[in-house]
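Subject: Structure for your attention

Dear colleague,

Please find below the structure that I am handing over to you. I would be grateful if you would look through it together with the notes that come after it.

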Amino acid sequence: MDVLWMIPLLLLMIIPLLMCTSSTFVFYFKKFFYVAWMMVLALIGIPLCILKSGGRDIENMRIIRFMVRHVKYLLGLRFEVSGWEHLQTEGPYVVISNHQSSLDVLGLMEILPDRCTTIAKKELIYAGTVGLICWLGGIVFINRKKTSDAKSVMADAAKTMLDDQIRLWVFPEGTRNQNGDLLPFKKGAFHLAVQAQVPIIPVVFSSYSNFYLRKEKQFKSGIIRLKILPKIETKGMTSDDVASLSDKSFDLMRAAFLDISDSITRSNGPVRH
């Protein structure tokens, strides 16, 4: 029995020591804490969402946004946002942003407009309490492996945007990417915007490599710069314009990504890729 009482005391001594001496331990500790805390928050948020809206409703994203916005402080992260005025756009629109890791959720919740939800991979719905609260928040799930299903979901989403006056956040790279640049964009987000004839608002996250290096197992405190770019109108466009719309958006976002990432490099020293 005496030995069992010693275990918590030993952990209280060892964990701070490892946090100060091992970057690998810090990496895994923060990753575990992030996932576990988000699941706890979801567990708390689920009944709140049901009480507020009675079930699946995009208005539940207000609760989720409120509950998640403190997590950045626990991980030692700080956001610097520019271009807020570009989100002050009436009516539905499509937000597109680059996608580096699950930490993108924190930036998303930092600036998420009212009546806005996201499009996410279908597998997320099976992520325990997080999957359930995502469903309650009206997140649109797509099967990335079936192109026909994805197109059908996008067509339905375009109709819903107009009928319910909502906004949708899409990651056009389609997968997480930490190679120091943007991956080529998939066309789904642009078909969605053109079908609904709504503007696109690009949002760019600076590179996480000044604080988060997955291969090197480093997860330090750091700054994330978020740049909201002016909206891109799609009125009058057709499916024939989707490729050029995608290319234009990519070029604008890549230029912004390199600029804000380099500005952090100049402030904090070399960025490692």
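The notes below concern the cavities and the annotated spans.

This is a predicted model, in which local features need pLDDT of at least 70 and side-chain atom pairs count only at pLDDT 80 or more, while totals for chains, interfaces and linings use all residues. Residues are numbered from 1 along each chain as its sequence is written, and side-chain values use heavy atoms, with hydrogens and water left out.

A cavity here is a set of points, on a 1 Å grid over the protein atoms alone, where a 1.4 Å probe fits but cannot get out; lining residues have an atom within 4 Å of a point. Grid points are joined across faces, edges and corners, and a volume is the space filled by probe spheres set on the points. Two cavities of 30 Å³ or more were found.

The largest cavity has a volume of about 50 Å³. Its lining includes I58, E59, R62 and D114, and divides into five nonpolar, no polar and five charged residues (Ala, Val, Leu, Ile, Met, Phe, Trp, Tyr, Cys and Pro count as nonpolar, Asp, Glu, Lys and Arg as charged, and the others, Gly among them, as polar).

The second largest cavity, of about 40 Å³, has K30, Y34 and F219 among its lining residues. By class, four of the lining residues are nonpolar, two polar and two charged.

An unreviewed UniProt entry lists residues 32–51, 124–142 and 192–213 under "transmembrane region"; such annotations may be inferred rather than shown by experiment.

With kind regards

Notes: On a 1 Å grid over the protein atoms alone, a cavity is a set of points where a 1.4 Å probe fits but cannot get out, and a pocket is an open set with protein on both sides within 12 Å along at least five of seven lines; lining residues have an atom within 4 Å of a point.
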